[in-house]
Structures are given as structure tokens and as C-alpha cells.
Amino acid sequence: MDALALLESMMLIRAFEEALMRRPDHGFQLLSSGEEAVAVGTCAALTSDDTLLSSGRSIGPALARGLEPGPVMAELLGRTAGPCRGRGGRGHLAQPSAGYFGAHAVVGGNLTIAAGVALAWQAEGRPGVVACIFGDGACGSGALHEAMNVAALWKLPLLLVCDNNGWSVSTPRAEALAPERLSDLAAPFRMPSATVDGMDVVAVRDAALALAAHVRSGAGPAFLECVSERFATHSTATRETRPQAEMAAILARCPIRRHAARLEAEGTLTEALRAGLERDVADTVADALRYAESAPFPDVADALRDVV
Amino acid sequence: MSSETTPPVSKLFFAEAIARALHEAMSRDPRVIVLGQDVGRYGGPYREFSGLHAAFGGRRVRDTPVAEASMVGLGVGAAAAGLRPVVSITYMDFLLLGLDPLVNYGAKLRYKTGGQLGAPVVVKTTAGARGQGVAHSQCIESWLVGVPGLKVVAPSTPADAWGLMHAALQEDGPVVYVDHKRLFPTAGELARDAVPVPIGRAVVRRRGADVTIATHSYMCRVADSAADRLAALGVACEIVDLRTLAPLDVDTVCESAARTGALVTLEEGQLACGIGAEVAYRVREKTGTMRVARVGALPAPVSSNPVLEAASVPGPDEVVEAVRGLLRP
Amino acid sequence: MIRKLAVPGPIEDVEELRVLMWHGGEGTAFAKGDLIVELETHKAIVEVRAGGPGVLRKILCAEGGWEKAGRALALVGDDPADPLPGSTDALEACPAEFDVV
């Protein structure tokens, strides 16, 4: 994925979430704003052979993976035109046919599932990488240890990507996790690992490419920690606990502005080009909203559909 | 044996019935794999996976770390991605460690993805009291029956152990297959032309006109002993083996209870929110009024102390007493 | 004198077991301690050894066959010429030793 495409993908996520926040009628949402570079950089290292699982903070991962914004918006607004017919909603987006195996909103809950998907792919001799994005909050769970252990033992094609935004709802990382660097958790399992600046999409992409190449070679799992910033509250329904002064510094680290500035400095991005990208993502988001809002809510008669 | 013709039935131990079903399923379907503690060369805690490692190798019959959350998670994830794993959780008590991937992911996967994915995994586990103490003895199948998307089966005979394993492996979603420590010493006949036991179908094990005993798993044998003693007292018991706990075959219990006019439920687990409570309520819903009594464990942990273990789980005495109490004019 | 070789026991949990292998056929003579038959429970092999000398006269439960604890597996005699009785009900059990391995 070229540098401009990285920028556009991040801009789409931001614009999409801004539009979504103007539609509070379908309950709270889990936003990826601030963490766009983690999703976009990771997905830039994945191919159509690969699949992605994520935590419930899934808008960034889903859009970065290339899911159509219209159906994603429909899913988040509870409409049947969503890939999960509006049943998964926030936290449970999924479209396996598009390389997005899905989100799962139990913290750490997708880690052993991802290892299982990787086990199936290994058993079937499929060539792809199974990537799983999870938060720093999941690093305190036993599921991560268990998943890393079997993945390393059995050389499963699993790329673990920790989106370390520093917060478990209101609890700061330092009060929840003992290790200094979360990528150090991979060390005893002898899997290659890296910690990168998760606000730098190029750094994330390059590290993800290198680690994905290791996984793709059949040598087993790898672990990438991306240190990011959560711009919004944990969910749109939770309270902000960070002081305003601190928030200003956090928002100043915007991964989109940072990447755009780099491209401008390189001469790749002009004012006109940027305005064009902004128009394009705004149009895409407007189309997505129209698509979603024109689709119906599920029929209550379908409440028992696909239960067993 | 030097018989000239193949007999129409063969007799086998309970564990052999499980191993045979798995051997047949694995021969037929490369998607079936076995994951769990001691399932490989060791052949399973109760030899129920005997011969599978030799026949299918360590990649399809795979020993796992003793880490039930990942064992179930691996099975559910691999099922979602196209395999048909059987995950062995040695004792049902340990299934608690694996409930998150089973309940929060596997059981909800078809629903939450709008039918895009399913998790056809069989979690096979062993319940029941047999001298192993407070955290190796529990019958907690009733905890599972209220989970939408989850099926629960509990065979009581080798034929059903075979037939329900085959049926479970043909499901599109997760099935918890609960066997019992005290059933492994038992043997029984399996017809050569047996077919899978349909999930959701109970069976009448013993005919009798005076009272219906609805039960499952090892308690079917306890019910049978009680029925022998009651027969000597002139009371004829009908025993319904539920076989599947989710979905429950309420109709078969209702038909029997409508005939006998009295229903005793019997389970080795706790009575509070138990299988018996569910069966009794649903039978009453359908039949209007019904004399009902429940028999189950004392509301206490199951000790490894043999005196306390025997005191805490139901035996024939409690069943006889419950039946006589219910039928007392 | 004809006696019965019975399923030994009690063995904990075992109600019924399966004949795995006869070590010898009808007419085989054995001495004290000789392995006569191996039986299978749900989790172990039971080796049944002669408690004294004798001759295996008639096998009542063939390999692969099942029998319950206490029931006759075979008839054994001291003299190969002794006539075999029609029923095993009244027969004494012959001395035997067993190991669960």
C-alpha cells in the first residue's frame, strides 16, 4: 500500500467515525480515532490470503481491511444491510469473505479464537497469515499467555498486534500491567517481536510487513506492539477521565496530521491533492450513511434466526 | 472369535463406543480432529481416545497444554475456520475455565455474524462423583442448557455414546458432550447397522404404569436400581432417559407422565435451577397439573471422602423414597 | 473332578469383562502358576493363573466373549477322561490366582 493510500485509509476511518458520532440513536460506539495508524499499518501488511481478527474496537480494523463503508455503517446502526445483518453491531463486526474474520468484544476473547483459526489454516495447508489486533488491556489476561504458548509450540501462522492505547477504560496501563514493554511478553516464547510508535503509520506498516513475512514463512507467530493514543473515551458512553491539558497534547499527536506532514515535506502531498482526498472520504461517508439509513432494521420475527 | 457370520450387534465398553465413533468419523471426514489433555499416545483419561493417535497421527490427535481456556478457544476458533474439532476437557469442573470461548463466542457465532460463520465443535467432558473431590466431581450440565446456541447431550449407554458422538459431529454449532466417570466400566451392545442418535430425542428405557422417572447419564442406572426395588414393592416405574438436555425432549416426558400421572426427576447435579426444575416446569406447562418430585444432590460440595460423597449425591434410596412419597395417597 | 474356572473378583468397578486371549485350548494341561486366560476390563488386563495343576476341558466363553463377575469361563478337570456335566450351576470353582495389570 503506497503512502497516499495509507493516508486516505486513515482519513476515511476518522471521517466515518465523525459521521457515526452524529448518529447516537443506535447506542454507544467504540471508536478507533487516534488509533488509525495501527489498523491501517497492520492491514497494509496483509494480503487477500490473510485474515484479521480484532477486539471490539473494530471500526478502524474493518475499514482498513477494505470492508465497504456502507455495510459497515449499516451494521453499526443496526440495519439488515450490515454484513452480520445488523446482529453483531458494534464490537462484533465480521465479514470473513472479505478477509475480516471478525471482532469480538470480550477483552482478550479473540486471542485463543485467532489461534484456533491459525490452527485450522495450518491443518488445511492454507498459505495465509492470521492477524489479531487486541488492546493493552488484553495483555493482563491469561488468554494471551495461553495463545502465545500454543502458537509458539505449534508454529501457528499468527501475527499478534497489540494496539497499546494505554488505557483499560479508566485504568492507566501502568496500574494494570507490570511489564515495561508489552512486546517483551513474547520473549519467553522466542517469537520475533517489536515495539513501534503506533502513531506513525509507516513504522507500523514496516514492522508489520517484517513480522508478517516471518509468520508467512512458516516459522511461527510474531508479536507487534504499537504504542498509540485513544482520542475518544473508551466508548462513546463512558466518561473522560483525562485532564483537558493532557488531552490537548494527546490530540496533537494525530497520526493523520503526522503522516500528511511527512508527505507534504516529501512533496508527495499537495494542498490540492489533500483537499481532493478530503472530498472523496466525505463523499464515501455520506454514501455510507445514505446506504445504511435506507436499509431496514431487522424484522422481529427473525429474532430466532441463526441461533442454532 | 470364530463365528461364521458377522453378528448383528457387538458388545463394547463405553469408552470403546466413543473411540469407535471418533475413529469412524475421522476416517470419513478429514476436518475432524481431537484436541485435549492426554488424548494422544496416552489414549484419553478413560481410554476413550484409544487407538486414534496411532491411526491418525499427532497432528489430528493433539495433546494440548493443561489450559482449558485455550483448549476450548482453539477448538471453537478452528471450528469457525472450517474444522470439526473434538475438544476433550478431562473433568467437567475444568470446563469453567473454557466457558468464555464456548459461551461468548462459539454459541453466539452463527447469530452474531448473521449466519456467516458457525462453530461446529464438540466439547467432550466427564462429569460425576467417583472419589475425586470437590473440584473433580461436579455435574454442572444445567448451567449450560440456558445458553442459546449451545446443545448439550449426555449418553447413558455405549450405544448412545456412539450414536450421540456421531450426531454431535454432524451439527453446525457447538455441542457439549457430557459423559460420566461411573459409566466407563459399563458395557453394552451396539447394532452393526446403528445410526446416529438424533439430538433432542429422549428414550423410554423401562416401561411402567405407576410413575415416570426422567433422568440422564449415570443416574439412569441409579433409576433402574430403584425401579427394581420398587417393582418388588408393587410399583412399576417408567424411566425416560433424556439423552439430550438442550434442546430438551419435553414431549417424550409428557407422554410418559400423562400415562403414569406422576413424575420424579433425578439428576446428580444441584436441584436449584437444575435439569429437574426445567423438566418439571415444562411438563406442568403442557399437562396442566402433574404430581412432581425432584431428586438431586445435597446443596453441598462433593467431597472425596467416600462417606460424604455417598451422602451428597443421590442413590436408589433417595429415588425409592421420592417415588413412595409422591405416590402416597 | 470337573470344576469351573470363574471370572475372578471382586475387581473394583468391574461388573462384566471380556475374554482377551486363552493361553491354550481344550485339552491343554497346566501347572500351578501357569497363565490360563487374559481378560479385559474397561481399563486393565486381568491375568488369570492356575492355582494348581489341571486340564482345560471346555471353554465356555470364547475370545471376544463377555462374562459377568463370578460366572464360569471354562471347565477344568484333573483327569482328561472325566465326563463333563450338563450344567455348571453346581460346580465348585477351581483355585485360581489373578493379577490386574
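Analyst: Contact here means heavy atoms within 4.5 Å. Keep in mind throughout that this is a predicted model. With that cut-off, the contact between chain B and chain C takes 11 residues from chain B and 14 residues from chain C.

User: How should I read the size of that interface, and what area do chain B and chain C bury between them?

Analyst: The size of an interface is often given as the accessible area lost when the parts come together. Between chain B and chain C about 1,200 Å² is buried, and carbon and sulfur atoms account for 47% of it.

User: How many salt bridges are counted between chain B and chain C?

Analyst: For a salt bridge, look for a side-chain nitrogen of Lys or Arg within 4 Å of a carboxyl oxygen of Asp or Glu. Between chain B and chain C the count is 5 salt bridges. One to look at is B:K11 with C:E16, where the closest N and O atoms are 2.2 Å apart.

User: Which element gives the largest share of the side of chain B that touches chain C?

Analyst: That is strand β1 (residues 9-13) of chain B, with 3 residues. By residue class, this side of chain B has 6 nonpolar and 5 charged residues, and no polar ones.

User: Now the other pair. How many residues does the contact take from chain A and from chain B?

Analyst: Here the contact takes 37 residues from chain A and 36 residues from chain B. Chain A and chain B bury about 2,800 Å² between them, and carbon and sulfur atoms give 66% of that area. On the chain A side, the elements giving two or more residues are β2 (100-103), α5 (111-124) and α6 (142-153). Of the elements, α5(A) gives the most, with 11 residues. The chain A side divides into 21 nonpolar, 10 polar and 6 charged residues.

User: Can we treat domains the same way? What are the domains of chain B?

Analyst: The domain assignment of chain B gives domain 1 (9-191) and domain 2 (203-327). Taken over C-alpha atoms, the centres of these two domains are separated by 26 Å. Their contact takes 26 residues from domain 1 of chain B and 23 residues from domain 2 of chain B. The two domains bury about 2,000 Å², with 58% of it from carbon and sulfur atoms.

User: Which residue forms a salt bridge with B:R205?

Analyst: B:D160 does, with the closest N and O atoms 2.5 Å apart. Across the interface of domain 1 and domain 2 of chain B the rule finds 3 salt bridges, along with 13 residue pairs in polar contact (both at pLDDT 80 or more). On the domain 1 side, β6 (151-153) and α6 of chain B are the elements that give two or more residues. The largest share, 3 residues, comes from β6(B).

User: Let me zoom in on one residue. Is B:P174 buried or exposed?

Analyst: Under 20% relative accessible area counts as buried. B:P174 has 2%, so it is buried. This proline sits in the loop between α6 (158-169) and β7 (175-180) of chain B. Beyond its neighbours within four places in sequence, B:P174 has contacts that include B:L102, B:A119, B:V121 and B:G149. B:G149 is 25 residues away along the chain, yet the C-alpha atoms of B:P174 and B:G149 are separated by 7.3 Å.

User: And backbone angles? Where is a peptide bond cis in chain B?

Analyst: Check omega. The bond from B:A246 to B:P247 is cis, with omega near 0°, and B:P247 lies in the loop between β12 (244-246) and α8 (250-260) of chain B. In chain C, a cis peptide bond joins C:G9 and C:P10, with omega about 0°. C:P10 is in the loop between β1 (2-6) and β2 (16-22) of chain C.

User: Which residue has phi near 55°?

Analyst: A:R190, a residue other than glycine with a positive phi. A:R190 belongs to the loop between α7 (173-176) and β7 (193-197) of chain A, and is exposed, with a relative accessible area of 77%. B:D38, also not a glycine, has a positive phi of about 65°. The loop holding B:D38 runs between β2 (32-36) and α2 (52-56) of chain B, and at 30% relative accessibility B:D38 counts as partly exposed.

Notes: Residues are numbered from 1 along each chain as its sequence is written. Chains are lettered from A and ligands numbered from 1 in the order in which they are written. This is a predicted model: local features need pLDDT of at least 70, side-chain atom pairs count only at pLDDT 80 or more; totals for chains, interfaces and linings use all residues. Side-chain values use heavy atoms; hydrogens and water are left out. Helices (H or I, at least four residues) and strands (E, at least two) are DSSP runs, numbered from the N terminus. Buried means under 20% relative accessible area, exposed over 50%, partly exposed in between (1.4 Å probe, protein chains only). Buried area is the accessible area (1.4 Å probe) that two parts lose on being put together, summed over both. Ala, Val, Leu, Ile, Met, Phe, Trp, Tyr, Cys and Pro count as nonpolar, Asp, Glu, Lys and Arg as charged, and the others, Gly among them, as polar. Domain bounds come from an automatic or database domain assignment. A polar contact is a pair of N or O atoms within 3.5 Å; within protein, one must be able to donate a hydrogen and the other to accept it, and residues adjacent in sequence count only if both atoms are side-chain atoms.
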